[in-house]
Every structure is written in C-alpha cells, then in structure tokens.
Amino acid sequence: VYLLRTGELSLLPLLLVALMSLAERPECSNAIGELDCVDVLLRVLEEYAIQLKGLAADVLATLCRQPANCLELLHLGGIPKLLSMLHTEDQGLLEALLRLLCHITVDVALVQEFRYSGGIPVICSLLGAGQSGVKH
C-alpha cells in the first residue's frame with residue numbers, strides 16, 4: 001500500500017493489480033483499508049491517467065465490499081469526487097466508477113450522501129445520454 005505513493009508511474013499499474021488481488025480476500029481488504037489506501041486511491045482517480053483511474057476504481061470497488069472501507073470513502077468526501085468523474089468519455093472508466101457506486105450505495109449513510117451530493121440527477125443524465133440515439 002505504501003508503494004502506491006511512488007512517483008514512478010511505470011510501477012503504479014503493477015501495484016494496483018497486485019492490490020486488487022489482495023483486496024479480493026475479505027481479511028486482506030479490511031487490513032488494506034486501515035492503511036490509508038482509500039485516500040491514496042481517490043488521489044489516483046483525481047490526478048492520474050485514464051488507465052490508472054480505471055484500475056484504481058476497480059480496486060476501490062473491491063475494497064468497498066467491506067463496510068469499513070465504504071465509511072472511509074464517505075469520511076474522505078469520496079462520493080462527490082466520484083460523481084464528478086462520471087461524465088468521462090472513457091467507457092471503461094465509466095463502467096468501473098458505476099461498479100464502485102453500486103458497491104457503496106448499499107449502506108444507508110452512503111445512499112443519503114449520494115442523494116445529497118446530486119447523485120440521482122447525475123445517474124439520470126447518464127441514462128438520458130444513452131437514450132439520445134433512440135428514435136421515438
């Protein structure tokens with residue numbers, strides 16, 4: 001987890017894939033979440049290239065299968081950050097972000113934050129954008 005803070009961009013994809021493998025085990029997922037990993041992954045989502053963002057979103061989605069990691073995301077203000085990223089042109093990143101939002105919206109507090117942050121109109125606009133090519 002500490003290696004995620006590396007400035008060496010060629011290592012970051014490998015580290016994210018390794019972290020994903022570890023995060024798939026519930027006992028490891030909790031331990032990873034306790035190491036400030038959610039904050040680092042949010043930073044990757046905000047600051048790095050599209051490919052790294054997709055990997056970070058997938059790792060976060062896996063980590064957020066554990067309620068403690070979802071709450072950490074909430075405390076870090078992650079919901080508005082994730083919602084702001086949904087208007088991406090990259091289909092892979094969009095799908096990864098939507099998977100992540102599916103995992104975090106199972107908790108009542110997170111659903112409320114999602115709603116208060118304007119998540120419902122954002123999702124509706126995405127659904128409407130998908131309908132733009134359909135003739136009525």
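**Overall fold and selected residues of the predicted model**

The protein contains 9 helices and 0 strands. The structure is a predicted model. Read along the sequence, the elements follow the pattern α-α-α-α-α-α-α-α-α.

The C-alpha trace spans about 50 × 35 × 20 Å along its principal axes. Among the contacts in the protein with a separation of 6 or more, 68% are between residues 24 or more positions apart. Of the 136 residues, 38% count as buried. The protein exposes about 7,500 Å², and carbon and sulfur atoms supply 59% of this area.

The interior was examined next. In soluble globular proteins, nonpolar side chains tend to be buried together. The largest nonpolar core of this model has 40 residues. The members that touch the most other members are L4, L41, L45, L82, L97 and I104. At least two residues of this core come from each of the helices α1 (12-23), α3 (37-47), α4 (50-63), α5 (67-75), α6 (78-84), α7 (91-104) and α8 (108-116). For L82, the contacts beyond four places in sequence are with L42, L45, L73, L97, L100, L101 and I104. Three of the residues in that list, L45, L97 and I104, are also among the core members that touch the most others.

L93 is found in helix α7. This residue counts as buried because its relative accessibility is 3%, which is under the limit of 20%. Leaving aside neighbours within four places in sequence, L93 is in contact with L45, I50, K53, G54 and T88. L45 is therefore touched by L93 as well as by L82, under the contact cut-off of 4.5 Å between heavy atoms. L93 and D58 are separated by 35 residues in sequence, and their C-alpha atoms are 9.1 Å apart in space.

S29 is placed in helix α2. S29 is buried, with a relative accessible area of 0%. Not counting residues up to four places away in sequence, S29 touches L22, A23, T62, L63, Q66 and N69. One of these partners, Q66, lies in the loop between α4 and α5. Q66 counts as buried because its relative accessibility of 16% is under 20%. With residues up to four places away in sequence again left out, Q66 touches P26, S29 and N30.

The backbone at D36 was also considered. D36 has a positive phi of about 65 degrees although it is not a glycine. This residue is placed in the loop between α2 (26-33) and α3. D36 is partly exposed, with a relative accessible area of 33%. S29 in helix α2, by comparison, has a relative accessible area of 0% and is buried.

Technical notes. Residues are numbered from 1 along each chain as its sequence is written. This is a predicted model: local features need pLDDT of at least 70, side-chain atom pairs count only at pLDDT 80 or more; totals for chains, interfaces and linings use all residues. Side-chain values use heavy atoms; hydrogens and water are left out. A nonpolar core is a set of buried Ala, Val, Leu, Ile, Met, Phe, Trp, Tyr and Cys residues joined through side-chain atoms within 4.5 Å. Buried means under 20% relative accessible area, exposed over 50%, partly exposed in between (1.4 Å probe, protein chains only). Helices (H or I, at least four residues) and strands (E, at least two) are DSSP runs, numbered from the N terminus. Accessible areas come from the Shrake-Rupley method with a 1.4 Å probe; for residues, only the protein chains shown count as cover.
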